[in-house]
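Dear colleague,

Please find the structure below, handed over for your records.

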Amino acid sequence: MKEDYYDILGISKGASDAEIKKAYRKMALKYHPDKNPDNTEAEEKFKKAAEAYEVLSNADKKARYDQFGHQAFNGGGGGGFGGGGMNMDDIFSQFGDIFGGGFGGRGGFSGFGGGGRQRVVKGSNLRIRVTLTLEEVANGIEKKIKVKRKIQAPGTTYKTCSTCNGSGQVTRVTNTILGRMQTAAACPTCGGAGQSIDKKPSDADAQGLKVSEETVTVKIPAGVVDGMQLKVTGKGNDAPGNGIAGDLLVAIQEEDHPTLKREGDNLHYDMYVSLPDAVLGNSKEIDTVTGKVRIKIEAGVQSGKILRLRGKGIPSINGYGKGDLLVHVNVWTPKTLNKKQKDFFESMKEDEHFEPKPESSDKSFFEKVKDMFS
């Protein structure tokens, strides 16, 4: 079984955001690869700490983890590292700032590993919005989207930065009352990339990049919700030199359905039946996210009755089955009648069969709502 994220960082479940960040920084500094060269055990602990922090520092992911544990991310909605597919570049590019100003973007220590690691620059992220129908949400879909992103222009070459000699960092020594203090900062010439432009084509910008349109396939799992953000790794803007590309962030927008209303993983449908159908019974065809189905209307059905179609709702994004389709029966009372129809209902006023006689099984509206959510 995977270790508990709180145990990995050595904190309690009620730890604050500041305590989570402090605990991660402490572990990351202790097991940093520059401080523990060729130590696979330290590197594994470093990665585990980053995975734990990636989830616990995100309010949405933390809430899901607190409720479902590691199972919360087994259905495709996990953390950005996918629970084990992380690499060092991902960790340093995403959490490099956690080490403070004395470290490069890859968290390199100036006093370890022969001058520290070269800082890895990450390209900027791109953001797009994708609108989905309720049917697409329910079934999942692949969308092909045209994206304009910056790529490294063909023919661009780079050379080692002469200022930092490729390390991406410069060392500064200052005199203080405590003595001489040495700190590392990103190289001002190359911006920390360790490389500068050697040659570039005329259509490239100052960083050797150019805009290109690309068709990106986005796999959208079933059960996504409005406002959710998916990440396509490496499909943002390229970084100059040997940097890593940014990510494409896909925001989900859900279209309103003409007849179905979503509530979590459940769906609601208002079914209107005529007085004759309510009295005599009938069948009626209604919409679902997988097509139309025919529902039997029992003779004597009461307005307000809720019919539950199990498994006809939306799949859980975390892989815990499907919601239900709740059909709300509404008996339609005609607003205008001709003389013959009026005479009929006048004659029925004193008929005992038309007298309201609710039984114990005929629950009130509030009882039905209570049952629905129990």
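In what follows, a residue is called buried under 20% relative accessible area, exposed over 50%, and partly exposed in between (1.4 Å probe, protein chains only). This is a predicted model, in which local features need pLDDT of at least 70 and side-chain atom pairs count only at pLDDT 80 or more, while totals for chains, interfaces and linings use all residues. Residues are numbered from 1 along each chain as its sequence is written, and side-chain values use heavy atoms, with hydrogens and water left out.

Rings of Phe, Tyr and Trp (its six-membered ring) pair if their centres lie within 6.5 Å; planes under 30 degrees apart count as stacked, over 60 as edge-to-face and the rest as tilted. The model contains five aromatic pairs by this rule. One of them, Tyr24 with Tyr53, is stacked, at 4.5 Å centre to centre and with 10° between the planes. This pair links distant parts of the chain, 29 residues apart: Tyr24 lies in helix α2 (residues 17-30) and Tyr53 in helix α3 (residues 40-56). Helices are DSSP runs (H or I, at least four residues), numbered from the N terminus. Both Tyr24 and Tyr53 are buried.

Phe344 and Phe345 form an edge-to-face pair, with 5.2 Å centre to centre and 75° between the planes. Phe344 counts as partly exposed because its relative accessibility is 43%. Phe345, found in helix α8 (residues 339-348), is also partly exposed, since its relative accessible area is 33%.

Finally, Tyr5, Tyr6 and Tyr65 form one aromatic cluster.

With kind regards

Conventions: Helices (H or I, at least four residues) and strands (E, at least two) are DSSP runs, numbered from the N terminus.
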